[in-house]
Amino acid sequence: MVLITGATGNLGSCVIDQLLKITAPDKFVALARNEEKASSLKIKGVEVRMGNFDDPASLETAFAGIEKLVLISTMEQNRFEQHKNVVDAALKTDIKHIVYTGLGIRDIQTSHVKDLMIDHFQTEDYIKEKGLTYTFLRNTMYADAIPLIAGEKIVEQGIFLPGGDGKVPYALRREIGEATANLLFQDGHENKTYDITGSNVYSYHDIANGLQAITGKEIQYINADADAFHDILKEAGVPDFPIYLLSGTVADIKNHQYEIKSDILEKLLGRPTAPLNEFLKEVYQLK
């Protein structure tokens, strides 16, 4: 029996959708903390167990009878503590195997957002230390996140970011969810660490050119000065934390931190990931 945490979240729901296509709903269960959000899963015939990462007792109850657990990383400030609670509850309930969705980056030690992202690697280390069988999925940046970083109105305003010529092997969240689900009922993934990356890498120049080809409008990418970019955000009233996260993420892109090549995602999907124009149409809802 497999349990999927974060089942009502963005990635978790994609995993569930694929599982419903490839196996019977009695082969897995979903963990959720909000009953209202979980109602849509119950309608589909999925068993939902309630649990909260900040409530270890609830996790122990939810994990009863589970053999394999998919730990979808959280977005909370106390992420590592939450993940430790999950791992500890897994140990107490005799779960044998944890599949963890982490971060695909070249060197976390030199990342501009190290203090925010290193807990992914601390979680991996903790799972190993506890002697559990593991599969670590180090996910690339989602194509779905491009509008959050480059802006919702690229077509009208272009791209103004200090991203240099750095590239990212983008993949759609739904593709990564599909691949994760496919892996769960396959053998041979025990104690493996996989870089989950798209088939090709793309820069902000490529994104601008791709959108220009789709829309027929002139779209420019301006490689901004990092300090000027920071000051513009500050003057616009953007809070300090989002500025730090955005600036640090784009700095990592500029420094080629995400340029990792792997064919694991292709193998798990059985096909290449969506090409540039296809995923741009999807994330920007263009025809």
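These exercises work through parts of a predicted model.

**Exercise 1.** In what order do the seven strands of the open sheet stand, and which strands stand at the edges?

*Solution.* Start with the order: S3-S2-S1-S4-S5-S6-S8. The pairing is parallel. Now look at the edges. Strand S3 (47–50) and S8 each have a single partner strand, so one side of each has no neighbour in the sheet.

**Exercise 2.** How many bridges join strand S4 to strand S5, and which helix lies across S4, S5 and strand S6?

*Solution.* S4 (residues 68–72) and S5 (residues 97–103) run parallel and are joined by five bridges. In S5, His97 stands opposite Lys68. Helix H5 lies across S4, S5 and S6 (133–139), and runs at about 160° to S5. Helix H8 (residues 173–184) also packs on the sheet, where it touches S1, S4, S5, S6 and S8. The direction of H8 makes about 165° with that of S6.

**Exercise 3.** Are helices H5 and H11 roughly parallel or roughly perpendicular to each other?

*Solution.* Take the angle. The axes of H5 (residues 114–129) and H11 (residues 240–254) cross at roughly 65° and come within 10 Å. Angles of 65 to 115 degrees count as roughly perpendicular. The two helices are therefore roughly perpendicular. Next, the contact: H5 gives Asp115, Leu116 and Met117, and H11 gives Phe241, Tyr244 and Leu245. By class, that is five nonpolar, no polar and one charged residues.

Notes:
Residues are numbered from 1 along each chain as its sequence is written. This is a predicted model: local features need pLDDT of at least 70, side-chain atom pairs count only at pLDDT 80 or more; totals for chains, interfaces and linings use all residues. Side-chain values use heavy atoms; hydrogens and water are left out. Axes are lines fitted to C-alpha atoms, for helices over the stretch in contact, and angles run from 0 to 180 degrees between N-to-C directions. Helices (H or I, at least four residues) and strands (E, at least two) are DSSP runs, numbered from the N terminus. Angles under 35 degrees count as roughly parallel, over 145 as roughly antiparallel, 65 to 115 as roughly perpendicular and the rest as oblique. Contact means heavy atoms within 4.5 Å. Ala, Val, Leu, Ile, Met, Phe, Trp, Tyr, Cys and Pro count as nonpolar, Asp, Glu, Lys and Arg as charged, and the others, Gly among them, as polar. Two strands pair if DSSP finds at least two bridges between them.
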